[in-house]
2 protein chains.
Amino acid sequence: MIGMSQSLTIAEVAAETGLSAHALRYYEKAGLMRETPPRGGNGHRRYTERDLAWIRFLTRLRGTGMSIADVRRYAELVRAGESTTAERKQILLTHREEVAKRIDQLKDDLAAIDYKIDIYEKLEEKYQL
Amino acid sequence: MIGMSQSLTIAEVAAETGLSAHALRYYEKAGLMRETPPRGGNGHRRYTERDLAWIRFLTRLRGTGMSIADVRRYAELVRAGESTTAERKQILLTHREEVAKRIDQLKDDLAAIDYKIDIYEKLEEKYQL
DNA sequence: CCTTGACTTGGATCGCGCTCGAAGGGCGAC
DNA sequence: GTCGCCCTTCGAGCGCGATCCAAGTCAAGG
């Protein structure tokens, strides 16, 4: 069952997002989806564009180091509705700061690695003279 | 036994590096040290400044996502001596590129998170008017 | 019909990187 | 001496995040 107008199969979503079908089911079971994708007549998942957008965002949260548990917390708040927007924003702000720190740390580490590379470079020059 | 001139206890190294004493022993067993720290008369490890510098660098490698196995490979090359500098440099260059990519990805993710935060911000403004 | 193949659920298993605990040695302070 | 503390080795256990397996359903094609 391909495409079916505005719904995607799990294989299609896997292809689109880079996640495995296994991972997509796992995330759903773990409560990371904002809403459970409805099942078709055959019991197969039918992802909407909305689902896809959500998965893309949760992938960013995961990719920046947010734990499954914390993403679930965020997803729960989304499910809980409008009244939770302040807390959601706070979660993102806190996470945002962690990511910014992580970037700074990585830059620093990168500089240290580059310094080492430079030493090897100079070692080569020396032997070529 | 504190300090003892130019050697450090495992507890001191742990304090300096932020690693646990457990982790330091684990790294050593896993072959991540450039050279095994010598033992004192009581069998206790005595780390040199050289060891400390190495641990700091390996911490950067680990912190930037290099696996234990890959750090071990690098450490093995260091132990193998001068003839391996070209390969060592190559490992660092390859890793360096991965780290740079990771930073770019994180920046991109950060922008997406900031975008979301902005949406919450605007939502608040709307309700305050 | 019967196979093929994508999907379903539930639970077991895995890899990584530590982390912890047990059992014991050595040494200084009281 | 014996208490307390830091160290030793060895091996078991843990948390996380998937990943994989088993058994089954369903639909389409030959």
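Ala, Val, Leu, Ile, Met, Phe, Trp, Tyr, Cys and Pro count here as nonpolar, Asp, Glu, Lys and Arg as charged, and the others, Gly among them, as polar. The model is predicted: local features need pLDDT of at least 70, side-chain atom pairs count only at pLDDT 80 or more, and totals for chains, interfaces and linings use all residues. Residues are numbered from 1 along each chain as its sequence is written, while chains are lettered from A and ligands numbered from 1 in the order in which they are written.

The surface near DNA strand D has these classes of residue.

| Class | Residues near DNA strand D |
|---|---|
| Nonpolar | 7 residues |
| Polar | 8 residues |

Helices are DSSP runs (H or I, at least four residues), numbered from the N terminus. α2(A) gives the most to this surface, with 3 residues.

Helix α4 of chain B covers residues 68-80. Its buried residues include B:V71, B:Y74 and B:A75 (buried: 20 or more other C-beta atoms within 10 Å of its own; exposed: 12 or fewer; C-beta atoms are placed from the backbone). On the other side of α4(B), B:A69 and B:A80 are exposed. After α4(B) comes B:G81, with a positive phi near 100°.

Conventions:
Helix = DSSP H or I, 4+ residues; strand = E, 2+ residues; numbered from the N terminus. Expected span 1.5 Å × (residues − 1).
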